[in-house]
Amino acid sequence: MAGDAAFGGEATDTREEIMHATYAALQKHGYAGISISRIAEEADLSKSSFYHHFDGKHDILLAFADYMLEDFERAMGIESTGDPVEDLYTFLNLILGVYPTERAAPDQVERLGAFLEVRCQAINDPEFRQKFTENPDRYVAHLTEIIEDGIEQGVFHDVDAERTATFLLTIVDGIIVEATTRTDDPREDLWESLSEYIEDNVVRRRTDTDIASWRQRPGRLTTGGTQNNADPRLTTGSPGDHPFFPSRPLKKDLRDPDDETEE
């Protein structure tokens with residue numbers, strides 16, 4: 001099942017199988033075109049199995065929003081390295097889906113696209129809005145702690161930690177929108193600009209005798225091949241290429257606008 005690959009393994013029970021099938025149906029048909037019949041087709045389950053666990057389509061999609069948010073939160077549940085600079089970049093990389101992990105999905109742009117498509121329902125649906133308010137607030141709190149640690153250690157400027165965390169995460173949200181609504185993948189250039197902002201406004205400049213800046217350190221997001229990724233958590237593909245940013249522009253398959261919506 002396509003959803004299994006996206007969430008890093010096979011579903012362990014019927015409810016999780018439905019979540020994976022919802023992801024696969026969302027990729028094929030979009031939010032407007034999704035239906036219990038189409039989800040059931042992806043899961044190879046009877047429609048009665050769905051009503052045993054959920055009240056209907058809206059209930060399934062609310063549960064799917066929770067499932068995606070919990071999955072993102074698990075992915076970001078990494079231990080601190082003790083280096084706030086490293087922790088800051090790792091945290092932002094994980095949200096963008098560009099930090100390789102053992103659970104890495106084959107197409108992070110598609111996964112982020114599903115996240116954004118579900119999040120868009122918060123515009124008109126108060127239940128979705130509540131979910132997409134509480135969870136980002138936890139992201140802000142986590143990033144605020146990282147920035148506060150950096151200020152305490154003297155490696156970050158004495159900025160307003162919560163305000164800075166909110167600003168950085170808002171920029172990341174914008175990068176996700178760009179990456180999921182274009183025919184190419186602009187994350188590399190946008191990440192470079194974000195990193196320059198962090199270097200200029202958050203991270204204190206270090207002398208030549210100090211530890212090298214993030215641009216030369218293990219953990220830097222790079223397309224320069226394995227020689228620039230000494231950290232084994234950031235292994236790349238072949239030299240000169242990167243598993244998330246290939247040397248050739250990403251060509252995304254756009255949905256057929258004439259695709260009929262199933263009721």
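User: In this predicted model, which hand does the crossing have where α6 passes α8?

Analyst: In this predicted model, α6 and α8 pack with their axes 9 Å apart and at an angle of about 160°. Because an angle over 145 degrees counts as roughly antiparallel, α6 and α8 are roughly antiparallel to each other. Where α6 passes α8, the crossing is left-handed.

User: Which residues make the contact of α6 with α8, and how many of them are nonpolar, polar and charged?

Analyst: On the side of α6, the contact is made by Pro84, Asp87, Leu88, Phe91 and Leu92. On the side of α8, Tyr139, His142, Leu143, Ile146, Asp149, Gly150 and Gln153 take part. Sorted by class, the contact of α6 with α8 has seven nonpolar, three polar and two charged residues.

User: How are α6 and α10 oriented to each other, and why?

Analyst: Helix α6 covers residues 84–96 and helix α10 covers residues 187–201, and the two pack with their axes 12 Å apart at an angle of about 155°. Since angles over 145 degrees count as roughly antiparallel, this angle makes α6 roughly antiparallel to α10. The crossing of α6 and α10 is right-handed, and the orientation asked for is roughly antiparallel.

User: Which residues meet between α6 and α10, and what classes do they belong to?

Analyst: From α6 come Leu88, Tyr89, Leu92, Asn93 and Leu96, which meet Arg187, Trp191, Leu194, Ser195, Ile198 and Glu199 in α10. By class, the contact of α6 with α10 has seven nonpolar, two polar and two charged residues.

User: How is α8 oriented to α9, and why?

Analyst: The axes of helix α8 (residues 126–153) and helix α9 (residues 161–181) come within 8 Å and cross at roughly 125°. α8 passes α9 in a right-handed crossing, and the angle makes α8, relative to α9, oblique.

User: How many nonpolar, polar and charged residues does the contact of α8 with α9 have?

Analyst: In α8, the residues that meet α9 include Tyr139, Val140 and Leu143, while those of α9 include Ala161, Glu162 and Thr164. By class, the contact of α8 with α9 has nine nonpolar, three polar and two charged residues.

User: Where does aspartate 44 lie, and is it buried or exposed?

Analyst: Aspartate 44 lies in the loop between α3 (36–43) and α4 (47–53), and it has a positive phi of about 55° although it is not a glycine. Its relative accessible area is 71%, and because a value over 50% counts as exposed, aspartate 44 is exposed.

User: How many helices and strands does the chain have?

Analyst: Of the 263 residues of the chain, 44% count as buried. The chain has zero strands, and its helices number ten.

Definitions and conventions
Residues are numbered from 1 along each chain as its sequence is written. This is a predicted model: local features need pLDDT of at least 70, side-chain atom pairs count only at pLDDT 80 or more; totals for chains, interfaces and linings use all residues. Side-chain values use heavy atoms; hydrogens and water are left out. Axes are lines fitted to C-alpha atoms, for helices over the stretch in contact, and angles run from 0 to 180 degrees between N-to-C directions. Helices (H or I, at least four residues) and strands (E, at least two) are DSSP runs, numbered from the N terminus. Angles under 35 degrees count as roughly parallel, over 145 as roughly antiparallel, 65 to 115 as roughly perpendicular and the rest as oblique. A crossing is left-handed if the near helix is turned anticlockwise from the far one by less than a right angle, and right-handed if clockwise. Contact means heavy atoms within 4.5 Å. Ala, Val, Leu, Ile, Met, Phe, Trp, Tyr, Cys and Pro count as nonpolar, Asp, Glu, Lys and Arg as charged, and the others, Gly among them, as polar. Buried means under 20% relative accessible area, exposed over 50%, partly exposed in between (1.4 Å probe, protein chains only).
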